[in-house]
Amino acid sequence: MTLSRFLSRRQFCLLPPPPHRPQALFILGMSDFSEELIKSTTEDDQGERCELSGTGMHFPWLQKHIETVATGGKKEKDFAQTTSACLSFIQEALLKHQWQQAAEYMHSYLQVLEDSDSCKRQAAPEIIWKLGSEILYYHPKSNVEAFNTFADRMKNIGVMNYLKISLQHALYLLHHGMLEDANRNLSQAETWRYGEKSSSQEVLINLIQAYKGLLQYYAWSKKKMELSQLDKDDYAYNTASQNMLDHSWKTSVNLGALIQIPGVWDPFVKGYVEMLEFYGDQDGAREVLTNYAYDEKFPSNPNAHIYLYNFLKREKAPREKLISVLKILYQIVPSHKLMLEFHRLLRKSEKEEHHKLGLEVLFGVLDFAGCTKNITAWKYLAKYLRQTLMGSHLAWVQEEWSSRKNWWPGFHFSYFWAKSDWKEDKALACEKALVAGVLSGKGCRYFRYISKQDHQVFRKKIKRMKKLVKKYSIVNPGL
Amino acid sequence: MDLDEAKEFKERCTQCAAVSWGLTDEGKYYCTSCHNVTERSKEVVNTGAIPNTKIQAINRGLKRKRKLEKGWDWYVCEGFQHILYQQAEALKTLGVGPELKNEVLHNFWKRYLQKSKQAYCKNPVYTSKRKAPVLEDNPSHSDWDSEPELLSDFSCPSFVESGAESQPDVHTQKPFPIIKASQSETASICSGSVDGVEYSLRKEKGIVKMTVPRTLAFCCLALLWQRETITLSDLLRFVEEDHIPYINAFQHFPEEMKLYGRDKGIFAIESWPNYEDIYKKMIEIATFLDLPRFPDITEDCYLHPNMLCLKYLMEVNLPDEMHNLTCQVVKMTGIGEVDFLTFDPIAKMAKTAKYDVQAVAVIVVVLKLLFLLDDNLEWSLSNIAEKYNEKNKEDKPWFDFRKWYQVMKKSLDEKKQKWEETRAKYLWKSEKPLYHSSIDKSVVCKRREMVVNLQKQFSTLVDSTPTIGKKSPSSFQFNWTEEDPDRTCFHGHSLQGVLTKKGQSLTTKNSLYWLSTQKFCRSYCKHVTTYEESNFSLSYQFIINLFSFLLRIKTSFLHEEVSLIEKRLFKTKYSKTKKKSSRSRKCDPWISNDVTRTLVRNTKSQALLPTCHFRTRCGAQKAVIQ
């Protein structure tokens, strides 16, 4: 999946990407890949990926337009027409998953490598690699050998693509579980040099090393698993732990270099930190994570803050510190799961401004459609509303509510939701009804529907709810 | 031959160290023991003494290889001759009479060589700088020609003797002592041919230099001379379908004719031939060759508009009855006249009819006369025809424009799609890679190898069913039958629905007509009119698209031809507007032609050309034909 998703995303931008793009692209592929590699710890960094893919805005038609302007009055040769028509046929075939047709057109498109226009000729290998690898990835008649042959051939057409292709080749091999081949490939690419490295190539070499590091990390964590199953007094224990030490040293060298460069390196950072922690280098780990989260040269990355937060939590850092980390995450992703935890921290804090923020955070979470059925959030809100109003901070509630009263009733408290929530999750419906009653009064459809329900288990709860609403509803504070 | 190499000449033979020399007919020493030919020439040559055939074999076969590929010494014009030869052969297999190759094209070519001073003249360009030709009384080895001024014939496959290239013995002698320019030794400017560098630098006034597209112009001229049943558009389509060698024609040169360096610019082609371009080149060449008036195009010739109209009516599935009308239009416009049709390059304004385009334009005009094509009348006429056909299932069906449109649209779209796909799949590069110099030779060859390897890999992924090979050549691109509802044949349908009887004659029900071009462009730009698609009715656009696809020409080109036919057909209208437009903007809607009284009404083109307005006046205005 990874490689394909990663490639298909790029088939729309077949032009040489701007210098900053390769990183982002590799990350797209890599993050998915690492999920497969380290299945255990990746739960918390999903859902943020979309932000990254959004940065690759691209207007292929614009480029085409520019190209035609550039050639001006010069008539395009039919050869060029053939290749460009061929290219669009391939793209169409790929979009429609017609691998066979795509291969057919590819057969003819390859002649672009012999284009007399040197500009096009030089751009061709990359395009061919992207299209060809996509076809070979999906085509039913294709296999690993075919892909290897293709990759090896493409690596040696022109020098500029060697590293990129090597890296993607390695990713392909990883998908097919051929870790050793992938490692060998990366080692080969690592030692490849061609004259003066351009700056973009330097990043690529770093990436290749980092991927090697990641593979080593994988081996290391496998060893760690084995070790945890061994008895400490076992004879094998010592050798195994020695082995692990060797690995970690090599890996940290590989990983450490990459994460100095601004970029999004989530899986690498995670692996690196895990190893540092394992060997007790807490300070080192903290430094890496702090740098990753706070260095302004790095792109804004929610995961960086999540990693730092989790690390600090493990370290039992003071609440104040945790709050400051999550505050930034709140600004980037107000709907993140950790926000409920953030709310708890704020609630427990002594500062009044934190209490106010706690309310804001809850409202913020429930602004998102994905959280509408989150019972904990509703429960927290119901409870916290009561607490706030009891603490006579009506102004806080009104402040939050004023921007939402136009749309929350329709969004959360409609008759439809009342019916379906009651059917699916009565506890949730009760919590929501309470919030609805408090915020938009007894006349609220949601509240009215729930309060009319008669149910043995919930009778008591509903009664209490009605009472609370009567007492705290902000609509008629006088009553 | 090579002055540089002549320096290396020693008394002993470089190959076998023997000292036993003979003389070739070119005045060179050759080693009698090993047949190694030296580059040194003897001052006084006596060719009579040496048997020719043997020497030629030596000349060609046993040349020592030099740094770059060393094949035969050949001239650029020989290359073109070879291409022409291949094309003539291909035409022969397409069914064209053998005279085309043996007589017409051969004569044209000889004339070209003579006119461009490359051969058959006293001072050919190649030798003039070196030494005067001493071969004047040399017996000609050409078994065919006996023109007195003929000095020698070219060695490459002679037009007469097919398959000559495979038998070196048949080759006649080298025309001129070949002296390679010394600069050809430098790596940057070189060529496989002897005169490639010189040729590409040659810019003489008044000389039409040979190019690959001009070979097609030659073929077309020969076809026209022979009044063969292949029009220019057919020829170009055959080129496109690979029935006639054109792109990479140099691939089929004999093994020993090496191409590189400047030859690449001369022989490598990266574009399809274009109708307008080849048409212009035809006239240019005919004028350059100073050809006499071509044989008359009379009514029984294929190229006569009546014949071509019949052909294209069949091709686009229109009723045979329309042929009557096209003949009328041809007659009225005078484009069927012998003098109009016959090509006369010596005439003041050398001009030949674009036979195929013209015939198609006539059909478009007839369609406009019958159906108006204003996106309205043709559909209401179709409704009438449809109703009639439902009621009278036994009778000959009336032609239903809508049904015809549906069938044609579908077939055309399919054809176009296929055409685009084959174009996109076309492989342009020859198996023999062409390189500029020895420096990039290895790169080019490596690249070629890479592409071949990659192609092999991807062809294994393609379905094993081989891609439908070459289509067998045909003058027709469509094929209509009664049985298949998608390919319904309309040839037998009647035009009764659109014609009415008036006295003795039949007139069209439609009484209106609109002109494709109201005012012709008189400025110095070359075109006479423009074609902005969106200004015209959809049916007109469709018809123009259909025909221009058939002929593989630009839509504007056909539109122009339609306008020109209309200009001839409605002469009076045009002459009137010219007079009147100065006086008043509004003109008399009654336009009487000698034969046709036609109301000319503006449709959409009004907006574009506001110079004259013709209002409709209801009444019995008829476009009376006959």
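**The interface of chain B and chain A**

Analyst: In this predicted model, 18 residue pairs are in polar contact across the interface of chain B and chain A, both residues of each pair being at pLDDT 80 or more. On the side of chain B that touches chain A, the elements giving two or more residues are α16 (401-425) and α17 of chain B. Of these, α17(B) provides the largest share, with 13 residues.

The charged contacts come next. The rule finds 3 salt bridges across the interface of chain B and chain A. In a salt bridge between the two chains, the side chain of R448(B) meets that of E114(A), at 2.7 Å from N to O.

The extent of the interface can be described by residues and by area. In terms of residues, 34 of chain A are in contact with 29 of chain B. The size of an interface is often expressed as the accessible area lost when the parts come together. Here chain B and chain A bury about 3000 Å² between them, and 62% of that area lies on carbon and sulfur atoms. Within the area that chain B buries against chain A, E270(B), F458(B) and L461(B) supply 23%, more than any other three residues.

A further feature of chain B is a nonpolar patch on the surface, formed by L310(B), M314(B) and F476(B), with about 220 Å² of accessible area together. F476(B) lies in the loop between α17 (438-461) and β4 (499-502) of chain B. Its relative accessible area is 32%, so F476(B) counts as partly exposed.

Notes: Residues numbered from 1 in each chain as written. Chains lettered and ligands numbered in written order. Predicted model: local features only at pLDDT ≥ 70, side-chain atom pairs only at ≥ 80, totals over all residues. Heavy atoms only, no water. Patch = residues over 30% accessible without salt bridge, like charges linked within 9 Å, V, L, I, M, F, W, Y side chains within 5 Å. Areas by Shrake-Rupley, 256 points an atom, 1.4 Å probe, with all protein chains shown as cover. Salt bridge = Lys/Arg side-chain N within 4 Å of Asp/Glu carboxyl O. Helix = DSSP H or I, 4+ residues; strand = E, 2+ residues; numbered from the N terminus. Buried < 20%, exposed > 50% of the residue type's maximum accessible area, 1.4 Å probe, protein only. Contact = heavy atoms within 4.5 Å. Buried area = accessible area lost by both parts, 1.4 Å probe. Polar contact = N/O pair within 3.5 Å; in protein donor to acceptor, adjacent residues only side chain to side chain.
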